[in-house]
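Subject: Handing over a structure

Dear colleague,

I am passing on the structure we spoke about, together with a summary of what was found in it. Please look through the sequence and the model first, and then read the notes that follow.

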Amino acid sequence: MRLLYVMLIVALLAACHTPVSREQQIISSQQQLADFAANTELWFGVESNLLDQPSRFTGSISLLNQSAAVLPAGIADWQIYFHLIRRIERTEQHGLLLEHIQGDLHRITATAAFKGLTAGQQLQLTYSSAPWIISYSDFMPRAFITVAGLEPELFANTDTEDFNQFVRPLTEPRQQLRNIADGDKFASMTDARRYRQQQQAMPALSPQALQQRIIPMPQQLQQHSGQTQLHQQWQLSAPAALLHEGQYLQQQLAPYFTLRQPDSLNSAAPQLRLALASTAAALQPESYQLTISEQRITITGADAAGVFYGIQSLLALLPVSPAPVVELPQLSISDQPRYRWRGMHYDMARNFHGLDVTLRLIEHMARYKLNKLHLHLTEDEGWRLQIPGLPELTELGAFRCFDLTEQHCLLTQLGTGPQRSGSGNGYFSREQFIQLLRHARAHHIEVIPEIDLPGHARAAIKAMEARYQRLSLAEQPQLASQYLLSEAADTSDYLTVQNYNDNSVNVCLDSSYQFIDRVISELQQMYRDAGAELRLFHMGGDEVAAGSWQGSPACQQLIAQPDNNVNSVADLKPYFIKRVAQLTAKRGLALAAWEDGLMASPQQPFAREQFQNPQVVVNAWDNIWEWGYGDRAYLFANAGYDVVQSPGTNLYFDHPQEAHPAERGYYWATRFTDTEKVFFYRPDHLYHNAEFTRDGTPITDLAALLGRSLPQLEKPKHMLGIQGQVWSETIRTAAQLEQMLYPRVIALAERAWHKAGWEPDKASTAARTDWQQFSQRLGMVELLRLQQSGSGHYLPPPGALLDNGVVKANAAWPGLAIEYSLDQGQNWQQYQQPLAVSQADLWLRTRQGAVHSRLIKL
């Protein structure tokens, strides 16, 4: 009877589950797991952004099993992990549970209701989230599967930077448009629309005018008659104070010829002289004069930086291709910078791209006379600088992998996948950072280090928790707690914009300030060892999630203490900022922060007088006009802060370069930011940049849009300058980084150095002519210089129009070649005139040198 009962149970179980043949095996070995991941495809898709509920979309995740392995029915020990920037709320479909883990990491697990996935089967999960997804780069690569006891395996079709391999095409209006306001006014760019926009004729500059269209444009350039031949017979003269500038010039001329710097000059030989102005005190810092005559070239600067920038103008006159004899126009240039802060911000924390690309960025900044490199060194997703004595910061905090305990690495994020060797991992060693500082100093660039606090600090928090655990096990409790940034008993409940619930440093722990002071001390020593001086410390201060510290016993204890001006959780962020300001002031440092870190209320900065620092610098970034914050640059300057304009709508280079789903980048501030938009940013006329709302509605009356009057700039001396920003959530490789940076950085440099006479009227004939000449120089000279240095860059795709069987194509900038292919890219031919085509499968691209644009297909 007992045997009969057992047989009955076995039969019932067999009837409830999908049968598994001998050829279809449940995954039990590493080889079977690898086979499943290699032959099962995971696909992302956007179903619709045009839902009844604004700002939401529906998406899908599909699995197609083409392997010999199966996912068995019912609860099992396999899990699928994937990266998605939109947070998916916990949902169950087809017996599968889909849930958010942390940041962009999500998980799929099986429940008892799962019916299995056998060979040849496909299933699709749908979900709803917010806000929209209208770009391929919103999806992250490197989804993977885990089985208990086995190493994770990547789904092969997602282990790529080619979105076509794992994202369904975004071709329909419901996939390309947003349900925003009363409708998305930014239609996705089409080839025909691009063709029409690029139809405006551009009168070509003569070769001589093209040679002299230096970027950035000098303040004054007077051409003289005649040409000067520069060759190796010229002698270089430089005083001891300009030794480095002389050596730099020799290095830059080396591909052309060797420029000698003899101990004694031959008065009969032609000479290139570097000099400091005798009246330097009366001149603006960084200014210079360059004169070229038949037998003499003289560069005179107000200081060494001015001489360096004069050298850049001389080098800009050289031909792109090296030659033993160079023809230079005889001319005089008198030049000085528009702003003393001409900056570029680079987020290497979310995704690390290595030392070489950073050194190249320094070189290109110097070529175009930018002088501040703001390095975003820390984030939730990574800590990128070795700090002696705190090894966990980089051993754990600089790497992401699959480790749910986070004892060996941070949780994988942003498409890194399960391995420490995945994209975006790494850090600067102390020696590498010193090398970087020396390189920047040699190029007259000040490096501004940012340690983002108290939010955006998950990497540091987890690293110091690991340090605490290590030293606690070693029975060193005092040392263990010395730099702790979190509190085990903290029950605070919050969620950041980037979907983290544990990234706020506990501002009520003294150990948090010991940590900050230790990091600043080590930074100062690195600068000293590099022969530089750390003058300005950037504390970040932005996007601290509401709810942080609500459940902290240490904070409740601090609030309970009398006479400390901390009466509630709302007082904790000002308390933190004051303490960091005091720490930096004691070390003689100026302090910098993002604008929201220094706002007492949405319309009122903290009183400047409360900070003892010799200078407090604010990056004013939030100029989403309809949100009402676009005037903060003026508010801060009028309140006595020094301001760097860093506007999201014009100078965020992580945004797409065109309103098209194939263009990389986020679009929260504006739908796109191309090189022309950067060129036409008008920093002296802040409100003239208010052109569109986020949905694409033209802004015709900003005050009416905001419902209040607009403050004017009362203290212009506090407007330091402008800065471009690149955030790296969607930028995983060095090549992707340079595509996002260049040539927008060059347009940034033009506006930071040179105030155009047409400002603020960008619609004037003078403005359009200036842009046309700039873009001609860009397309025919500067892009090739970038390539010579080993850098990649972006090229706009061609416009194309199919009219009665004839294809017409054009390029955005002069100097770009257009190529076409009739055999799916196997062979390319030069487009020279409209093409009569008898087939629909025509591919087009633009090219300059070794770089080509993304393809368009007709």
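**Overall build**

Of the 858 residues in the chain, 59% count as buried. Please keep in mind while reading that this is a predicted model. The chain contains 22 helices and 39 strands, and its radius of gyration is 30 Å, close to the 29 Å that the globule rule gives for 858 residues, so the chain is as compact as a globular protein of that length. Along its principal axes, the C-alpha trace spans about 120 × 85 × 60 Å. Among contacts in the chain with a separation of 6 or more, 75% are accounted for by residues 24 or more positions apart.

As for the surface, the chain exposes about 33,800 Å², and carbon and sulfur atoms supply 50% of that area. The side chains include 69 positive and 84 negative ones, and the centres of these two sets lie 3 Å apart.

**The nonpolar cores**

The largest nonpolar core has 175 residues, and those with the most contacts inside it are L249, L274, W383, F433, F515 and L598. To take one of these, F433 touches L375, L377, L385, F428, L523, M526 and Y527, when residues up to four places away in sequence are not counted. There is also a second, separate core of 38 residues, which includes L71, I108, F114 and L150.

P388 itself is placed in the loop between strand 21 (382-383) and helix 9 (392-395), and with a relative accessible area of 27% it is partly exposed. For a sense of distance, the C-alpha atoms of P388 and L842, which are 454 residues apart along the chain, are separated by 57 Å.

**Backbone points to check by eye**

Most residues other than glycine have a negative phi, and most peptide bonds are trans. The places below are listed against that background.

The loop between strand 24 (446-453) and helix 11 (458-473) holds P454, and the peptide bond from L453 to P454 is cis, with omega near -5 degrees. H456 is found in the loop between strand 24 and helix 11 as well, and its phi is near 55 degrees, a positive value in a residue other than glycine. Is H456 buried or exposed? With a relative accessible area of 1%, H456 is buried.

A cis peptide bond also joins E759 and P760, where omega is about 5 degrees, and P760 is found in the loop between helix 21 (744-753) and helix 22 (765-788).

Finally, K369 has a positive phi of about 65 degrees although it is not a glycine. K369 lies in the loop between helix 8 (355-367) and strand 19 (372-376). Because residues under 20% relative accessible area are taken as buried, K369, at 1% relative accessibility, counts as buried.

With best wishes

Definitions and conventions
Residues are numbered from 1 along each chain as its sequence is written. This is a predicted model: local features need pLDDT of at least 70, side-chain atom pairs count only at pLDDT 80 or more; totals for chains, interfaces and linings use all residues. Side-chain values use heavy atoms; hydrogens and water are left out. A nonpolar core is a set of buried Ala, Val, Leu, Ile, Met, Phe, Trp, Tyr and Cys residues joined through side-chain atoms within 4.5 Å. Buried means under 20% relative accessible area, exposed over 50%, partly exposed in between (1.4 Å probe, protein chains only). Contact means heavy atoms within 4.5 Å. Helices (H or I, at least four residues) and strands (E, at least two) are DSSP runs, numbered from the N terminus. The radius of gyration is taken over C-alpha atoms; the globule rule is 2.2 Å times the number of residues to the power 0.38. Accessible areas come from the Shrake-Rupley method with a 1.4 Å probe; for residues, only the protein chains shown count as cover. Lys and Arg count as positive and Asp and Glu as negative; His and the chain ends are not counted. The place of a charge is taken as NZ of Lys, CZ of Arg, CG of Asp or CD of Glu.
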